[in-house]
Amino acid sequence: MTEQEVIERIDSSLAEEFELDRADMTPEANIYDDLGLDSLDTVDMVIVLEGAFDFKIREEEAVRNIRTLGDIHRFVLEKVTQNS
Amino acid sequence: MMYDSLIIGAGLSGLTSALLLARSGRRVLVLEQHAQPAPVARGFFRDGLYFDSGFHYAGGLGPKGAFRPLFRHLGLEQKLELYPFAAQGFDRLRIAATGETCSMPVGFENIKAKLGDQFPAVRGQINQYIDEIADNWSRFPYLDLDSDLTGFSLESVQGCSLSDRLQAFADYPLLQSQLSMHSLLYGFLPEAASATLNSLVAGSYYHSVHGIVGGGRALVEALLELLAEAGVQLRCGAEVATLLATSAGVTGLTLLSGEEIFAQEVIATQNPTLLPGMLPKGLLRPVYQKRLEQLRQTPSAYIVYAKSRQSLEFLRGSNLFVQPKAGIFSYAATQSLDERPFYLTAAGPKSDGGIMGLVGIVPAGYAEVSAWASAEKRRSAGYRTHKQKVGARLLKRFADSCPELAELELLELATPLTLHDYSLAPQGAIYGVGHFLGQYNPYPLTRIPGLFLSGQAIAAPGFLGAVAAGYLTSGSILGHESLRGEIRACR
């Protein structure tokens, strides 16, 4: 999977599962302030990503530090690279 | 009458939540679909014997036990009389193939000594394993009153399984059996359970083990007295059909009768897989709706209630787990009744102290009885015959593995259909939604303002789990720090 494909899969999964508007989903978008998620959604975000990429997320600290959509992209890309 | 909080389900977590919210000044109404409150925990009388159906024994209530402050804070300590289980063996494990029987003593140090003597070659590893459980079992919200409560934790979801942890003892299957038998107390296999969950559940019993005089019935009656004192109202035979809610929040609920009841808070304690169907479509985000709907249920069971000719002294303060062969606890729905593990516990004593009955629990799948699921089929001769056959076969099975047993007479057999009737859990799941490895069970808080979840699926299974869930949910509403402060004062 290319980097672009990974990013597309992340964005389309999150858009569908959280009912987000793709137009708002820029890498700079803050997932809490701009996309309207809250701390309750963290687990759901983990579940969406685990489902979309068929991996397990155990990196609590990294998940806690996610602020922007770009952070999610980087986090997933790193995991995908590690796993391949 | 206007209410502040509506609680769906008068089970142990619903009653705990009701009590805590009412004491904080809320006007609380509890709605129970069954004709009586706490239908699972309250047990029943048959032929002059009392049988527990949900509650059997409690862990963690001894001196310095982490459950004790909650028990005291609720007001149960003053109302209930506890009795300790047998110190030398509160639970015993028997291997059916060989007849070997091992006793699990009460207390971490006693367990270490006992298992170390039995398996001296791995004494050091046993000590380390039991110490881990002693240190960790009460690191759970509302059992641990000092450390940070709300840390986002993936450990119990993605950690090591109990099976993996017990690989250290692969050369000692009888040891593995003893260390995995308490998976029956959360209802599913060690390969699907985190070592953390096992540590919480088994560890509470390793710490201390008590029965309640009068059993689950006495527990429920005590809770109901406390609820009445706190001004909680309770309506039985009230089945909730839908929740009234928009994205702005809940406003109440509708009963099956069509009656609407309004409040700004609803605490839903039913099996969480049932919640999406009670809410307006589109209100939950797809990810959360799927997450609730796809939560895995624990297996179901056949539960035998039988009468004995002689007092069953071997079950006094001590339960018996029977496993076909030594090794990590296992069970498959495809196994015949004669190959499955089972668990025996005493019926309530008669007035002269005699234990004249027993409860036997055997794992089972819903598919074994699903053909009779409809109300009409339930009255059919076929279902009655099936129950008689299963009951007779299980009594014979018990007798074959337990020469201590006197002649037994079958009084009742609960099937997965019966369990479903009382708990409303899909497929008669004995502990409802389980805390499986890899599964993210929901929190008390939802994104819909005023809607909260509680019950075993939220915290942990059993009496302790249901009470912890009640505290966790009430704390989410009232503020965790003030509630924890009150409990700290009860230590």
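Five salt bridges are counted between chain B and chain A, a salt bridge being a side-chain nitrogen of Lys or Arg within 4 Å of a carboxyl oxygen of Asp or Glu. The model is predicted, so local features need pLDDT of at least 70 and side-chain atom pairs count only at pLDDT 80 or more, while totals for chains, interfaces and linings use all residues. Residues are numbered from 1 along each chain as its sequence is written, chains are lettered from A in the order in which they are written, and side-chain values use heavy atoms, with hydrogens and water left out.

One salt bridge joins the side chains of Lys290(B) and Glu17(A), at 2.4 Å from N to O. Helices H6 (155-158) and H11 (286-293) of chain B each supply at least two residues of the side that touches chain A; helices are DSSP runs of H or I, at least four residues, numbered from the N terminus. The largest share of that side, five residues, comes from H11(B). In total, 17 residues of chain B and 23 residues of chain A take part in the contact, where contact means heavy atoms within 4.5 Å.

Within chain B, the axes of helix H5 (residues 123-136) and helix H9 (residues 195-207) come within 9 Å and cross at roughly 95°. Axes are lines fitted to C-alpha atoms, for helices over the stretch in contact, with angles from 0 to 180 degrees between N-to-C directions. H5(B) is therefore roughly perpendicular to H9(B), a term for angles of 65 to 115 degrees. Tyr129(B), Ile130(B), Ile133(B) and Asn136(B) of H5(B) meet Asn198(B), Ser199(B), Gly203(B) and Tyr206(B) of H9(B).

How values were computed. Parallel < 35°, antiparallel > 145°, perpendicular 65-115°, else oblique.
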